[in-house]
Amino acid sequence: MTENKEKTTIVLFSGELDKAIAAFIIANGAAAYDQEVTIFFTFWGLNALRNDEQAVVKKGFLETMFAKMMPRGPNKLGLSKMNFGGMGPKMIKHVMKKHNALSLPELIELAKEQGVKLVACTMTMDLLGLQKEELMEGIEYAGVAAYLGDATDAKVNLFI
């Protein structure tokens, strides 16, 4: 007989550093308690999954403009409050390092190691012109129906 694990799902809609860090801290905590965890990345939350380096892909004009305007990867996300022209994220990263807290890229890697399911919303990818080659490895691609399948059985569903 297989044991049914408790489930947690998180929709990461925000592309802001502090909110992404919170989502991954919660996800890693739930995974550490042996829960099945899914993070569904949609709209600006997809920026946390972008590669730092620019991928060579063919895009139309609007998709190219979106790509230029959006932050590329977890190291480039701004803060939701007190961004201070880019100084806010540097200050937060400094304070986190001082307190031996994991950085967002480290939290993402830990989540992967713990089996957290990272799912990029394919509809949003189409809308924003993002392609698989532009996102990090080790993630899944699905639509809202797949997320809802996970969320239906979850005791905890968060929207960040």
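This is a predicted model: local features need pLDDT of at least 70, side-chain atom pairs count only at pLDDT 80 or more; totals for chains, interfaces and linings use all residues.

User: What is the order of the strands in the open sheet?

Analyst: Helices (H or I, at least four residues) and strands (E, at least two) are DSSP runs, numbered from the N terminus. Two strands pair if DSSP finds at least two bridges between them. The open sheet has 5 strands with parallel pairing, and their order is 4-3-2-1-5.

User: Which strands are the edge strands?

Analyst: An edge strand pairs on one side only. The two that do so are strand 4 (140-142) and strand 5 (156-159).

User: Over how many bridges do strand 2 and strand 3 pair?

Analyst: Strand 2 covers residues 36-41 and strand 3 covers residues 117-121. Phe41 has Ala120 of strand 3 as its bridge partner. The two strands pair in the parallel sense, and the number of bridges is 4.

User: Which residue in strand 4 does Cys121 stand opposite?

Analyst: Strand 3 and strand 4 run parallel and are joined by 3 bridges. The residue of strand 4 opposite Cys121 is Ala142.

User: How many residues of strand 3 are buried?

Analyst: Buried means under 20% relative accessible area, exposed over 50%, and partly exposed in between (1.4 Å probe, protein chains only). Strand 3 is largely enclosed by the rest of the structure, because its buried residues number 4 of the 5.

User: What angle does the direction of helix 6 make with that of strand 1?

Analyst: Axes are lines fitted to C-alpha atoms, for helices over the stretch in contact, and angles run from 0 to 180 degrees between N-to-C directions. Contact means heavy atoms within 4.5 Å. Helix 6 (residues 144-152) packs on the sheet and touches strand 1 (7-12), strand 2, strand 3, strand 4 and strand 5. Its direction and that of strand 1 make an angle of about 145°.

User: Within what arc do the buried residues of helix 6 fall?

Analyst: Tyr147, Asp150 and Ala151 are buried in helix 6, whereas Ala145 and Thr152 on the other side are exposed. The arc is that of the directions from the helix axis to the C-beta atoms. Seen down the axis, the buried residues of helix 6 line one face, because they fall within an arc of 100°.

User: What is included in the cover of the buried residues of helix 4?

Analyst: Helix 4 (residues 104-113) has Leu104, Leu107, Ile108 and Ala111 buried. These buried residues fall within an arc of 100° as seen down the axis, so they line one face of the helix. What covers them includes helix 1 (17-32) and strand 3.

User: Why is the pair of Phe43 and Trp44 called edge-to-face?

Analyst: Rings of Phe, Tyr and Trp (its six-membered ring) pair if their centres lie within 6.5 Å; planes under 30 degrees apart count as stacked, over 60 as edge-to-face and the rest as tilted. Phe43 and Trp44 belong to one aromatic cluster with Phe13 and Phe159. The ring centres of Phe43 and Trp44 are 6.4 Å apart, and the pair is edge-to-face because the planes stand at 65°.

User: What phi does Asp34 have?

Analyst: Most residues other than glycine have a negative phi. Asp34 lies in the loop between helix 1 and strand 2, and it is partly exposed because its relative accessibility is 41%. Although Asp34 is not a glycine, its phi is positive, at about 65°.

User: Is Leu79 buried or exposed?

Analyst: Leu79 lies in the loop between helix 2 (61-69) and helix 3 (87-98). Not counting residues up to four places away in sequence, Leu79 touches Glu16, Leu17, Asp18, Gly88, Pro89 and Ile92. Because its relative accessible area is 12%, Leu79 is buried.

Note on methods: Residues are numbered from 1 along each chain as its sequence is written. Side-chain values use heavy atoms; hydrogens and water are left out.
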